[in-house]
There are 2 protein chains.
Amino acid sequence: MDLLDEPVPGVGTYEDFNTIDWVREKSKDRDRHREITSKSKESTWALVNSVCDAFSGWLLMLLIGLMSGALAGGIDISAHWMTDLKEGVCLNGFWFNHEHCCWTSNETTFQERDKCPQWKSWAELIIGTTEGPFAYIMNYLMYVCWALLFSFLAVTLVRAFAPYACGSGIPEIKTILSGFIIRGYLGKWTLVIKTITLVLAVSSGLSLGKEGPLVHVACCCGNILCHLFTKYRKNEAKRREVLSAAAAVGVSVAFGAPIGGVLFSLEEVSYYFPLKTLWRSFFAALVAAFTLRSINPFGNSRLVLFYVEFHTPWHLLELVPFILLGIFGGIWGTTWLGHYPVLEVLVVTAVTAVVAFPNSYTRTSTSELISELFNDCGLLDSSKLCNYDNANVTKSSNELPDRPAGNDVYTAMWQLSLALVFKMLITVVTFGMKVPSGLFIPSMAVGAIAGRLLGIGMEQLAYFHHDWAIFRGWCSPGADCITPGLYAMVGAAACLGGVTRMTVSLVVIMFELTGGLEYIVPLMAAAMTSKWVADAIGREGIYEAHIRLNGYPFLEAKEEFSHKTLAMDVMRPRRSDPPLSVLTQDGMTVEDVETMITDTTYSGFPVVVSHESQRLVGFVLRRDLTISIDNARQRQDGIVSTSRVFFTEYTPPQPPNSPPPLKLRGIMDLSPFTVTDHTAMDIVVDIFRKLGLRQCLITHNGRLLGIITKKDILKHVAQIANRDPDSILFN
Amino acid sequence: MDLLDEPVPGVGTYEDFNTIDWVREKSKDRDRHREITSKSKESTWALVNSVCDAFSGWLLMLLIGLMSGALAGGIDISAHWMTDLKEGVCLNGFWFNHEHCCWTSNETTFQERDKCPQWKSWAELIIGTTEGPFAYIMNYLMYVCWALLFSFLAVTLVRAFAPYACGSGIPEIKTILSGFIIRGYLGKWTLVIKTITLVLAVSSGLSLGKEGPLVHVACCCGNILCHLFTKYRKNEAKRREVLSAAAAVGVSVAFGAPIGGVLFSLEEVSYYFPLKTLWRSFFAALVAAFTLRSINPFGNSRLVLFYVEFHTPWHLLELVPFILLGIFGGIWGTTWLGHYPVLEVLVVTAVTAVVAFPNSYTRTSTSELISELFNDCGLLDSSKLCNYDNANVTKSSNELPDRPAGNDVYTAMWQLSLALVFKMLITVVTFGMKVPSGLFIPSMAVGAIAGRLLGIGMEQLAYFHHDWAIFRGWCSPGADCITPGLYAMVGAAACLGGVTRMTVSLVVIMFELTGGLEYIVPLMAAAMTSKWVADAIGREGIYEAHIRLNGYPFLEAKEEFSHKTLAMDVMRPRRSDPPLSVLTQDGMTVEDVETMITDTTYSGFPVVVSHESQRLVGFVLRRDLTISIDNARQRQDGIVSTSRVFFTEYTPPQPPNSPPPLKLRGIMDLSPFTVTDHTAMDIVVDIFRKLGLRQCLITHNGRLLGIITKKDILKHVAQIANRDPDSILFN
């Protein structure tokens with residue numbers, strides 16, 4: 001008869017678009033763990049069970065690493081193939097991409113690796129020649145058509161099957177990790193559609209990257225694999241630990257930077273990141289990176305996305321251009337990215353394709369462009385950017401001195417300048433589109449172009465004016481003193497940092513790309529400058545902006561709450577409001593409670609000893625209350641509207657002929673958080689953040705006075721920042 | 001007349017060996033920050049002031065980096081010189097060490113770099129020859145004498161001037177960072193004496209390392225430099241943020257691993273590590289690493305302590321020996337290190353010196369030994385460990401295949417085995433001594449020797465039995481399949497991990513040494529195994545053991561509290577005790593309060609509305625109360641024993657002829673933390689950890705029932721673990 005005996009299904013779960021109670025979830029997990037541990041002493045089977053339970057976390061990490069690595073590998077291969085398909089096809093088999101098609105060809109030297117007879121451009125295939133304007137137009141047309149087809153497919157699939165698949169997904173993942181529930185956001189449909197449309201969107205040549213969305217893909221993998229283990233399936237807090245690790249996996253496979261990925265998760269997306277998760281994320285990130293590498297059959301055996309090797313140390317004076325790049329990155333980071341919800345995807349695709357094709361720097365995939373820009377020119381490099389005048393160079397030396405630029409370099413600089421303007425404009429427009437799209441790579445490209453241009457400029461300046469005071473001493477003729485590739489790298493870091501406001505993780509990701517600690521200082525200077533500039537201009541990072549626009553209840557952990565208000569200024573009810581709706585522990589009937597539920601919209605009610613004393617007993621959630629009463633009315637004999645509701649430990653004997661009482665102590669939270677009305681709001685905010693609370697009760701001299709919910713705090717923060725408090729939509 | 005008008009000096013400070021209140025400290029800092037921000041709008045000077053304040057954190061980090069890097073460089077150089085002084089002296093100037101002495105010598109080739117005419121061994125200098133048993137004995141004697149002199153000086157200086165300078169200091173720093181106060185532990189005397197005695201202790205040849213103590217040195221630098229900035233001098237919480245960064249700096253200079261250092265601070269020593277500190281620590285760690293490198297005039301230009309470059313990938317099957325090394329490391333980690341408080345320092349030094357001299361692997365400094373063990377043998381290496389039979393090797397190839405070992409290798413293996421036994425025994429004894437001593441390097445040496453021995457064994461096995469099933473396929477003749485240096489590295493990581501239970505930071509430090517992501521997996525496997533084995537054997541890490549032995553109040557954040565007790569089971573007073581000592585908000589005289597203070601030893605008292613209602617108003621600290629009453633009696637007119645004490649906001653008018661009231665609301669904490677008696681202890685522990693509380697009040701249905709302090713929790717934890725609850729000594 002007692003509801004305490006068996007838990008009512010549904011009690012303790014959450015509704016969609018609601019915030020979880022971290023304390024309750026973690027407490028539930030500790031109960032579960034305690035039960036398994038105590039049972040393990042009883043039988044061998046229970047012991048085995050307990051050991052399995054202990055290792056299930058590691059197994060889950062292994063599976064996430066394998067699955068995400070495999071998916072990322074698949075996405076990589078498909079995107080490569082489809083990007084090349086826009087230009088031509090392989091006669092050996094249409095499923096080969098350009099590089100793989102010419103891989104086995106014996107006739108080609110290293111220089112002409114991309115010109116092999118098996119690979120036919122569309123013009124060659126259809127009209128039999130690659131020469132002449134007609135062939136050019138033919139290729140041009142095919143390029144635009146394929147781009148349009150891909151982007152049409154991408155946008156249609158997203159719209160039809162999984163609207164959650166668009167964007168990078170990082171802001172939503174941040175919100176989810178902070179304890180919000182968005183059902184289906186990390187589901188299997190989102191995963192399938194996001195994977196497919198990501199390949200399509202990247203291949204269409206739109207100015208977007210696959211790196212951010214890979215975080216979403218990895219989190220979907222994590223969430224889906226959680227269903228294999230009861231421990232993680234049933235506990236929202238434990239599942240979020242796994243998702244934090246999955247976010248690290250995402251960055252790890254995106255850049256081949258496991259340590260950077262873990263720090264990204266720690267710094268940028270995670271909310272609750274215990275040390276155990278740090279260790280496990282690291283494991284998962286490594287597994288994923290190695291899985292990706294062993295899958296990638298054509299690529300180099302390097303783990304990282306852009307491998308660079310520089311030979312020259314940088315000079316202290318170069319910090320000036322690096323800081324300039326930082327300022328550029330900061331300004332770029334405050335551009336109104338994503339503020340244009342573009343619907344005409346096909347128009348943008350067409351414009352992108354039409355403008356991109358004639359310029360070789362915009363035609364190739366953005367990752368290849370970045371690779372080329374980061375590259376330190378060797379003697380054998382055939383790139384236009386490496387067309388230097390090598391007259392004075394002795395072939396034997398490993399270090400190449402600064403040389404005057406050849407004509408091709410100047411051409412390349414013009415093309416790069418055009419590409420820079422184009423990329424900047426089109427990225428701003430592209431990011432609002434409803435396709436999976438990341439900002440990492442386009443931002444890096446913008447920065448890399450700017451950096452390379454500045455780097456070449458500096459190099460030529462130093463070569464032709466090595467007698468200037470600033471160059472004297474370190475740029476004597478014949479010295480290799482300026483590396484334009486390093487400038488490109490610093491620029492890329494600056495722009496990425498400006499957009500995302502990443503700091504440590506950004507520098508570590510870049511460090512993992514170069515592997516040299518020496519270049520950390522320039523990267524750091526640029527990342528710091530760009531963050532400061534972007535913060536000073538006063539716009540928030542792209543993720544925060546997105547979260548705010550969507551009205552998600554996200555309590556930013558990075559910003560200090562610095563306003564001098566007290567809990568009594570923020571709590572409900574306000575002075576003019578009707579008093580707080582409370583339940584009494586033994587004085588109400590089922591009908592009274594039901595009336596209170598229908599009359600109010602609050603998510604929960606405090607339980608007090610009596611209306612007069614206002615001494616707090618506990619807290620009951622609306623959802624649990626509704627479910628329990630409905631359940632009792634259906635399944636418990638004699639529960640009617642006049643049954644008295646008891647939240648006390650012992651139910652007094654009921655008078656004869658009265659209906660049986662309804663005991664609800666089991667659903668009451670006996671340890672609600674309370675603070676006094678004089679508590680400074682900065683402390684309250686700290687408690688909410690650190691403990692992950694949904695609500696906190698306010699007392700004055702031991703009497704219950706009011707309540708503060710997470711939403712109240714967010715509204716208060718919005719009000720202080722002169723924003724509309726009603727922009728916070730969810731609890 | 002009102003005490004609220006001007007703060008009483010001393011109120012809000014802490015006594016030695018007490019725990020700080022994180023919430024109050026952070027709140028104080030936010031008040032300060034708010035004040036500066038609001039003033040900054042008033043005048044230009046205030047604006048400049050506010051900008052300076054904002055950047056003072058960065059400036060402090062820069063200074064800490066520079067100072068710690070410089071000190072570490074000085075320690076390095078001095079220790080090198082004094083270690084060499086035990087063997088001989090340089091004729092060019094006694095202040096040159098062996099390497100530097102022979103640096104400029106033109107006559108020497110690379111192979112005989114250490115034999116130059118300017119460097120004289122003691123025998124050569126005194127009796128004019130290096131040949132014969134007499135010269136050997138002469139050198140032997142001088143070696144032992146110098147060692148005894150150094151260790152005598154070290155132990156005398158520590159005992160006379162700074163007893164806090166002994167040991168590695170990391171356990172105490174952990175405790176301090178968690179909010180404990182040990183005055184003088186990070187003071188200037190400790191710094192000076194620790195720096196000097198560290199050099200002496202290392203040079204004496206004792207089996208100890210300078211890496212751990214460098215963390216203490218860096219933290220001293222941090223603490224001393226904090227005094228330059230009011231923001232950090234006056235706020236215990238802010239100062240601990242700086243100390244967290246300083247700990248990162250310490251590891252950064254010890255190993256040349258800035259990222260590893262930051263993760264070490266995050267994972268191992270820090271308690272409160274906000275993201276802002278992450279970013280700043282990283283900056284400080286980098287500055288320190290570069291300062292160290294630019295100071296070190298003789299050393300290689302590498303940033304890291306042990307630079308290694310391996311050429312061969314590892315094979316999956318090799319995970320078996322790696323895991324074996326992990327098990328060895330785990331067992332080593334549970335050795336009773338430091339359980340022998342050795343007083344006979346000179347005896348240990350003598351034994352160390354006497355036993356160490358004849359074996360070349362124990363005579364050289366431990367860092368050099370580790371470097372040699374990590375090294376992958378090239379063709380030119382003159383080390384005995386690299387004496388392979390190179391008959392079948394073509395000189396041109398870069399990759400050396402596995403070769404049969406020469407005689408010297410077998411000799412070296414014998415010597416290494418003896419060195420292993422010696423190191424293991426002597427390290428256990430040495431660590432209890434009252435000199436600055438770290439465990440990092442001796443542990444790494446033990447692991448590296450074991451690993452190298454296993455590695456050579458595996459290599460020879462694979463060479464001579466390449467037809468065995470397990471070697472087939474990857475160890476064909478002529479292939480370079482096993483790298484003994486990698487085994488040494490894995491062994492070093494395993495032993496270090498076993499002792500310290502570091503995980504991520506250990507792997508990252510090792511990764512920074514090699515720079516190759518490829519070798520992370522073996523390191524990770526070993527680190528994980530050693531941690532699991534050590535944890536399974538059931539002893540805690542060396543730092544935790546040390547903290548527990550000293551009775552420091554440290555609430556471990558890594559272990560989950562998993563016992564099912566409620567707050568009411570832990571709180572004071574227990575059922576049989578007298579009721580809780582409380583102050584009433586308006587019903588007590590000065591004498592009543594003073595009696596309560598002298599009758600009890602509690603650190604604080606709750607203030608209630610009245611004894612009958614037990615409704616909580618606030619909390620007053622004993623120290624603040626004593627100081628305020630003493631101050632009022634001295635400085636306020638008419639305050640006598642019969643004066644009434646008021647904690648209320650408004651003081652009712654006093655009857656005529658009665659003494660003036662004493663208003664103490666100003667020293668009362670109006671927002672004490674409360675939880676209900678039904679709160680599960682795991683939640684309470686979580687709150688204590690996350691918010692850094694000293695005490696928490698317990699209520700039942702709105703009435704004050706009792707109190708839980710940090711000490712109560714630690715005693716409860718000790719009791720559950722079947723340890724003596726009275727071993728917790730401090731509040």
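Leu373(A) is buried, with a relative accessible area of 0%, where buried means under 20% relative accessible area, exposed over 50% and partly exposed in between (1.4 Å probe, protein chains only). The structure is a predicted model, in which local features need pLDDT of at least 70 and side-chain atom pairs count only at pLDDT 80 or more, while totals for chains, interfaces and linings use all residues. Residues are numbered from 1 along each chain as its sequence is written, chains are lettered from A and ligands numbered from 1 in the order in which they are written, and side-chain values use heavy atoms, with hydrogens and water left out.

Leu373(A) belongs to helix H16 (residues 366-374) of chain A; helices (H or I, at least four residues) and strands (E, at least two) are DSSP runs, numbered from the N terminus. Leaving aside neighbours within four places in sequence, Leu373(A) is in contact (heavy atoms within 4.5 Å) with Leu385(A), Leu416(A), Ala448(A), Ile449(A), Arg452(A), Gly485(A) and Ala488(A). The C-alpha atoms of Leu373(A) and Tyr361(A), which are 12 residues apart along the chain, are separated by 9.9 Å.

The largest nonpolar core has 324 residues, and those with the most contacts inside it are Phe282(A), Phe374(A), Phe282(B) and Phe374(B); such a core is a set of buried Ala, Val, Leu, Ile, Met, Phe, Trp, Tyr and Cys residues joined through side-chain atoms within 4.5 Å. A second, separate core of 44 residues includes Val23(A), Phe673(A), Leu693(A) and Leu555(B). When neighbours within four places in sequence are set aside, Phe282(A) is in contact with Ile259(A) and Val262(A), and also with Val504(B), Val507(B), Val508(B), Ile520(B) and Met524(B) of chain B.

In helix H22 (residues 542-550) of chain A, the buried residues are Ile542(A), Tyr543(A), Glu544(A), Ala545(A) and Ile547(A). These buried residues pack against helix H6 (170-177), helix H11 (258-269), helix H18 (440-464) and H19 of chain A, and just after H22(A) the residue Gly551(A) takes a positive phi of about 70 degrees.

Side chains of opposite charge can pair when their charged atoms come close. Over all chains the structure holds 54 salt bridges, each defined as a side-chain nitrogen of Lys or Arg within 4 Å of a carboxyl oxygen of Asp or Glu. One of them joins Arg501(A) to Asp535(A), with the closest N and O atoms 2.9 Å apart. This pair links distant parts of the chain, since Arg501(A) lies in the loop between helix H19 (484-500) and helix H20 (504-514) of chain A and Asp535(A) in helix H21 (residues 520-537) of chain A, 34 residues apart. Arg501(A) counts as buried at 6% relative accessibility, whereas Asp535(A) is partly exposed, with a relative accessible area of 38%.

In chain B, Asp624(B) forms a salt bridge with Arg24(B), the closest N and O atoms being 3.3 Å apart. Because Asp624(B) lies in helix H25 (residues 622-635) of chain B and Arg24(B) in helix H1 (residues 22-40) of chain B, the pair ties together parts that are 600 residues apart in sequence. Asp624(B) counts as buried at 1% relative accessibility, and Arg24(B) as partly exposed at 23%.

Helix H1 of chain B also holds Glu25(B), which is buried, with a relative accessible area of 0%. The side chain of Glu25(B) reaches the backbone nitrogen of Glu236(B) at 3.0 Å. Not counting residues up to four places away in sequence, Glu25(B) touches Gly12(B), Tyr14(B), Ile20(B), Lys234(B), Asn235(B), Glu236(B) and Ala237(B).

The contact between the two chains takes 66 residues from chain A and 67 residues from chain B. The area buried between chain A and chain B is about 6300 Å², of which carbon and sulfur atoms give 68%; buried area is the accessible area (1.4 Å probe) that two parts lose on being put together, summed over both. Between chain A and chain B the count is 8 salt bridges, and the side chains of Asp31(A) and Lys564(B) meet in a salt bridge at 3.5 Å, N to O. Helix H12 (residues 275-295) of chain A gives the most to the side of chain A that touches chain B, with 8 residues.

Terms used:
Polar contact = N/O pair within 3.5 Å; in protein donor to acceptor, adjacent residues only side chain to side chain.
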